[in-house]
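Here's a quick tour for anyone opening this structure for the first time. Have a look at the picture, then read on.

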Amino acid sequence: MKSFKFICDKAIPLDMVNVDTDQIIPKQFLKMVKKEGYGEFLFYNWRYQNDGTLLTDFVLNDKRYSGRRILLTRDNFGSGSSREHAVWALRDFGITVLIAPSFADIFYNNCFKNGILPVQLERQNVEFLFKNSENEDIVVDLDKQKVVCCDHSFSFLINEFHKRMLMQGLDEIGLTLELESAIVDYESKRRNHSSA
Amino acid sequence: MGRTLFDKIWDSHVVFQEKDAPNGNPSLIYVDCHLIHEVTSPQAFAGLKQHGRKVRRPDLTFATMDHNVPTTNRSLPVIDGDSSIQMHTLRENCTEFGITLFDMLSPQQGIVHVIGPELGLTLPGKTIVCGDSHTSTHGAFGAFALGIGTSDVEHVLATQCLWMHKPKSLSIKFTGTINNRPGISAKDIILSTIRHIGISGGIGSVIEYTGEGISTLSMDQRMTICNMSIEGGARAGLIAPDEVTFDYIRGRPLAPSGEELEKTIEYWKSFLATDSETCHDKSVNMDLSRLVPQVSWGTNPSMVVDVTENIPYPEEFADGNVEQEKSARRALEYMDLKPGVPITEIDIDRVFIGSCTNARLEDLMDASKLLEGRTVSSRVNAMVVPGSQSVKRAAEVRGIDRIFKDAGFDWRESGCSMCLGMNPDVLAPKQRCASTSNRNFEGRQGVGGRTHLVSPIMAAAAAVEGRFVDVREWF
């Protein structure tokens with residue numbers, strides 16, 4: 001997996017609460033059997049009109065924000081369906097960091113498997129970024145667990161496991177397979193107790 | 001110190017515990033049952049093959065096709081090429097890795113969360129995962145069941161384990177009961193609960209549903225409740241197993257049987273309960289004595305009102321929260337609704353009775369009772385999609401299909417269907433649907449489609465009247 005440590009970029013402001021994964025990647029794009037190629041379908045129903053032309057009033061279509069890799073948004077981002085396609089679409093579109101006051105659990109987990117850092121900040125700090133990120137750079141430093149913008153610095157929490165995964169771009173399955181003996185032990189212990 | 005039901009299941013499934021990590025230690029949790037389907041598994045199998053890895057426990061892995069199977073005549077070829085490829089891919093993967101598959105034409109085929117319990121795969125105390133958020137359904141049996149992404153599906157296939165940080169425990173206790181309250185159903189309980197706690201109220205938590213309001217419910221009803229735990233943002237829902245649970249399990253084809261089962265039941269009884277209510281991290285009380293039928297008006301499952309109420313004003317719904325107010329305004333615009341209008345004055349075009357929330361036998365029986373001697377409004381197109389082939393057969397044996405068909409409903413083959421519209425069952429833009437499914441998100445049932453979440457009884461009544469009614473008056 002691709003690692004992530006640090007970014008300095010401006011943000012795309014998606015000023016909405018409860019953005020669900022049905023919006024991030026609508027169901028008609030879940031029929032592929034590949035992990036790549038979802039970027040053009042990101043927020044499809046919000047980005048395109050029925051005839052396939054771009055809707056100009058949606059932030060992702062705003063030229064000022066094109067190429068930005070930080071998505072700034074509101075509470076409960078990624079709610080609803082477990083579809084990892086939502087994360088694949090964000091990644092393929094070029095997003096590396098998400099900043100919001102809260103994320104839905106399954107979505108949050110899915111991010112770390114795909115080299116995306118979801119940063120959870122206090123609501124007032126997210127508000128500060130919304131006010132300033134239009135023209136100001138945001139620094140996100142995973143190692144120091146800090147977000148810096150206009151001389152303001154905000155710390156964020158992340159568990160060590162997720163941090164290590166991202167910093168080192170680790171293969172989680174490979175790591176778990178190193179614990180094979182613990183899994184075998186557990187299985188044999190369970191077999192012995194299954195008649196209980 | 002006492003433990004919750006969830007603590008006990010969790011503790012008995014820890015394979016390995018990371019020590020002394022800052023901000024929480026992840027645990028490697030063993031998975032007893034892994035359910036897979038055609039949409040979220042192909043990339044997981046591709047990952048395994050790419051690394052030359054095996055499926056560790058094909059005997060604990062079960063597959064079906066539900067998300068994009070057609071619900072019309074299945075002797076015809078699947079027209080949608082992409083869906084067909086996904087189904088074919090699942091077939092190939094199951095053959096290659098030795099996984100039991102309930103294929104589209106299998107007599108056991110159905111929505112993964114309907115067939116798991118039916119087959120007896122869903123049992124108390126188990127850990128169950130599936131690449132689908134509504135895996136929370138299985139929690140109705142006192143199993144820790146959760147939805148996961150495709151990377152985790154691959155991880156479970158390869159290791160039969162999952163890395164997790166332990167969620168918190170939220171108890172929701174229901175006083176009063178809906179028994180002998182005609183017109184009120186389990187769907188109304190869970191919709192009113194999500195309305196109360198909000199769609200992010202359960203983030204980071206496992207919800208244990210307790211109290212008289214739960215213990216008096218059947219298994220089909222309990223599954224409806226646990227199914228929508230994810231709509232409250234929860235990692236999972238749980239209900240402690242009791243005699244109702246054990247009766248359901250007896251005679252299920254893949255469950256233990258005879259003396260072995262009875263011994264296991266004794267073990268479950270001795271073990272699978274929360275020691276004391278004080279063990280939970282947080283508690284919420286809900287009173288069911290004044291519960292009335294619920295109808296959603298907006299674009300998330302907390303945007304719900306009583307059928308006796310009006311469409312709320314955004315500022316009223318938001319209660320001072322600017323962002324919520326904005327989202328309510330957007331929802332009203334999308335739904336093409338005006339604040340202040342009574343819910344009972346909304347005309348509908350479509351009715352969908354189906355989904356892993358509400359397509360079990362009892363759901364269909366409830367709706368059919370109301371339809372006897374009545375017909376679907378001429379301006380409404382109504383369909384029933386049984387949750388599984390077993391549900392469909394059981395309904396047909398009882399003549400329930402006749403009642404639906406005589407009333408003017410379309411009687412379909414089993415699958416997820418118009419809950420998410422991955423198959424040809426979709427709403428046209430601007431169509432308004434009374435749906436027994438779980439999500440009213442923008443475009444969920446079809447681009448531009450408008451979904452109102454309701455119970456099967458309300459859906460049946462809405463089909464007849466062409467609008468929502470206080471269905472209590474029909475009894």
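## A strand and its partners

Let's start with β15(B), which pairs in the parallel sense with strand β18 (residues 432-435) of chain B over three bridges. Keep in mind that what you're looking at is a predicted model. Within that pairing, V351(B) stands opposite A434(B) in β18(B).

β15(B) also pairs with strand β16 (residues 381-384) of chain B, again in the parallel sense, this time over four bridges. Here F352(B) is the residue that stands opposite M383(B) in β16(B). The two pairings look like this:

| Partner of β15(B) | Residues of partner | Sense | Bridges |
|---|---|---|---|
| β18(B) | 432-435 | parallel | three |
| β16(B) | 381-384 | parallel | four |

There's a helix in the story too: β15(B), helix α13 (residues 361-371) of chain B and β16(B) make a right-handed β-α-β unit.

Are the faces of β15(B), residues 350-353, covered or open? Both are covered: R350(B) and F352(B) are buried on one side, and V351(B) and I353(B) are buried on the other.

Now zoom out. Chain B is divided into domain 1 (5-284) and domain 2 (294-474), and their C-alpha centres lie 24 Å apart. Where they touch, domain 1 of chain B puts in 39 residues and domain 2 of chain B puts in 40 residues. On the domain 1 side of that contact, α4 (112-119), α6 (186-197) and α8 (219-227) of chain B each supply at least two residues. The largest share, six residues, comes from α6(B). By class, that side of domain 1 of chain B has twelve nonpolar, 19 polar and eight charged residues.

Note on methods:
Residues are numbered from 1 along each chain as its sequence is written. Chains are lettered from A and ligands numbered from 1 in the order in which they are written. This is a predicted model: local features need pLDDT of at least 70, side-chain atom pairs count only at pLDDT 80 or more; totals for chains, interfaces and linings use all residues. Domain bounds come from an automatic or database domain assignment. Two residues are in contact if their C-beta atoms, placed from the backbone, lie within 7 Å. Ala, Val, Leu, Ile, Met, Phe, Trp, Tyr, Cys and Pro count as nonpolar, Asp, Glu, Lys and Arg as charged, and the others, Gly among them, as polar. A residue is buried if 20 or more other C-beta atoms lie within 10 Å of its own, exposed if 12 or fewer, and partly exposed in between; C-beta atoms are placed from the backbone. Two strands pair if DSSP finds at least two bridges between them. A crossover is right-handed if, with the strands pointing away from the viewer, the path from the first strand over the helix to the second runs clockwise.
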